[in-house]
Amino acid sequence: MKVNFAKYQALGNSFLVVESSQARNRAAWGKFARAICNHATGVGADGLLVISSQRGADCRADVYNSDGGWAEKSGNGIRIVALHFHRKKRTKKTFAIAMGGALNQVTLVKKIAGGYQIRAEIGVPDFSAKAVPVKTRQPHLINQKLKIGRELVVATCLSVGNPHCVVPVDSFDFDWQAMGSQIEHAPIFPNRTNVEFVRVISRNKILVAEWERGAGATGSSGTGAAASVAALVMLGRIDRKCEVQFETGTLLVGWRTEDNVIELSGPVTVVATGEFETR
């Protein structure tokens with residue numbers, strides 16, 4: 001069977017988009033995600049976005065990592081969905097997209113080569129240990145030492161619709177990918193976690209190295225940028241409006257004071273469209 005797809009990227013974080021009326025069968029879509037995201041035998045991507053209809057929204061989007069695992073939310077993914085819909089309905093530039101049980105407002109701000117600069121609401125960050133979740137007797141883990149293997153890592157854990165562990169660092173002169181994998185799979189995180197290693201440059205600029213749950217090292221992460229800013233604001237180290245620089249480019253994050261919603265803005269471009277032959 002042939003499945004139509006479109007491939008997009010947001011600062012090197014790539015997703016394949018497919019449309020279906022059957023988005024809720026996670027086992028089947030997880031298997032499909034592993035096949036189509038495979039760089040050797042499939043199209044190749046960090047994840048899969050399955051778009052379906054939902055009452056009260058322009059669409060519903062389910063996120064699957066390249067390992068087939070369902071992901072609650074993706075900041076880059078939700079912006080990619082907006083561009084995908086705009087290409088179908090070119091008169092529309094503002095969308096309400098359901099993802100991870102929440103309705104998110106997404107706006108195409110400015111046209112760029114191959115795509116758009118797109119702003120999305122990510123939601124309100126939740127620092128409770130239960131929301132992440134983290135196995136601990138403490139109500140939250142903010143600037144706390146975590147035992148990871150034989151090492152102690154100072155981290156802040158939170159949810160922005162999906163789990164994150166933010167680790168401030170002075171430099172990236174260590175094997176952060178190996179450490180990211182260890183933290184992702186640490187027993188303290190029953191659902192595993194995304195990991196951000198963050199270096200503060202100024203009150204309005206941070207550098208982030210991203211390790212994504214189920215995908216590994218990725219060029220960038222929208223929710224990772226949001227979580228990094230929220231965590232560093234809680235630690236008093238940066239302001240609520242911040243430039244988040246990844247190896248592949250920059251995302252702009254604003255944590256609004258009036259309602260505590262995080263906004264994320266950055267580029268999204270089209271890579272390719274085609275058909276994938278399922279086996």
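In helix α2, the buried residues are Gly75, Asn76, Gly77, Ile78, Arg79, Ile80, Val81, Ala82, Leu83, His84, Phe85 and His86. The model is a predicted one. With 12 of its 14 residues buried, α2 is mostly covered. The helix spans residues 75–88, and the distance from its first C-alpha to its last is 21 Å, close to the 20 Å expected at 1.5 Å a residue. At the start of α2, the backbone nitrogen of Gly77 has a side-chain oxygen of Ser74 within 2.8 Å.

The chain as a whole contains four helices and 17 strands. Its radius of gyration is 18 Å, close to the 19 Å given by the globule rule for 279 residues, so the chain is as compact as a globular protein of that length. Along the principal axes, the C-alpha atoms fill a box of roughly 50 × 40 × 35 Å. Buried residues make up 54% of the 279 residues. The accessible surface of the chain is about 12,500 Å², and carbon and sulfur atoms account for 47% of that area. When contacts between residues at least 6 apart in sequence are considered, 61% of them join residues at least 24 apart.

Strand β4, comprising residues 59–65, is mostly covered, with seven of its seven residues buried. In a regular strand the side chains alternate between the two faces of the sheet. In β4, one set that points the same way consists of Cys59, Ala61, Val63 and Asn65, while Arg60, Asp62 and Tyr64 point the other way. Both sets are buried.

Strand β4 pairs with three strands described here: β3, β6 and β5. The pairing with β3 (residues 47–52) is antiparallel and has six bridges. Within this pair, Leu49 has Val63 of β4 as its bridge partner. The hairpin of β3 and β4 has six residues between the strands, and Gly56 takes a positive phi near 85° there. Strand β5 (residues 70–71) is also antiparallel to β4, with two bridges between them. Four residues lie between β4 and β5 in their hairpin, and Gly68 in the turn has a positive phi of about 95°. The pairing of β4 with β6 (residues 94–99) is parallel and has two bridges. Here the bridge partner of Arg60 is Ala98 in β6.

Strand β9 (residues 144–148) runs antiparallel to β10 (residues 151–159), and five bridges join the two. One of the bridge pairs is formed by Lys147 and Leu152, the latter in β10.

Two individual residues were examined for their surroundings. Asn13 lies in strand β2, which covers residues 13–19. Its relative accessibility is 1%, so Asn13 counts as buried. Apart from neighbours within four places in sequence, Asn13 is in contact with Tyr8, Asp46, Asn76, Ile80, Glu212, Thr218, Ser220 and Ser221. Among these partners, Asn76 and Ile80 are also buried residues of α2.

Val233 is located in helix α4, which covers residues 222–234. The relative accessible area of Val233 is 17%, and under the 20% cut-off this residue is therefore buried. Apart from neighbours within four places in sequence, its contacts are with Ile238, Asp239, Arg240 and Trp255. Val233 and Trp255 are 22 residues apart in sequence, with a C-alpha to C-alpha distance of 9.0 Å.

Methods. Residues are numbered from 1 along each chain as its sequence is written. This is a predicted model: local features need pLDDT of at least 70, side-chain atom pairs count only at pLDDT 80 or more; totals for chains, interfaces and linings use all residues. Side-chain values use heavy atoms; hydrogens and water are left out. The expected span of a helix is 1.5 Å times one less than its number of residues. Buried means under 20% relative accessible area, exposed over 50%, partly exposed in between (1.4 Å probe, protein chains only). A polar contact is a pair of N or O atoms within 3.5 Å; within protein, one must be able to donate a hydrogen and the other to accept it, and residues adjacent in sequence count only if both atoms are side-chain atoms. The radius of gyration is taken over C-alpha atoms; the globule rule is 2.2 Å times the number of residues to the power 0.38. Contact means heavy atoms within 4.5 Å. Accessible areas come from the Shrake-Rupley method with a 1.4 Å probe; for residues, only the protein chains shown count as cover. Two strands pair if DSSP finds at least two bridges between them.
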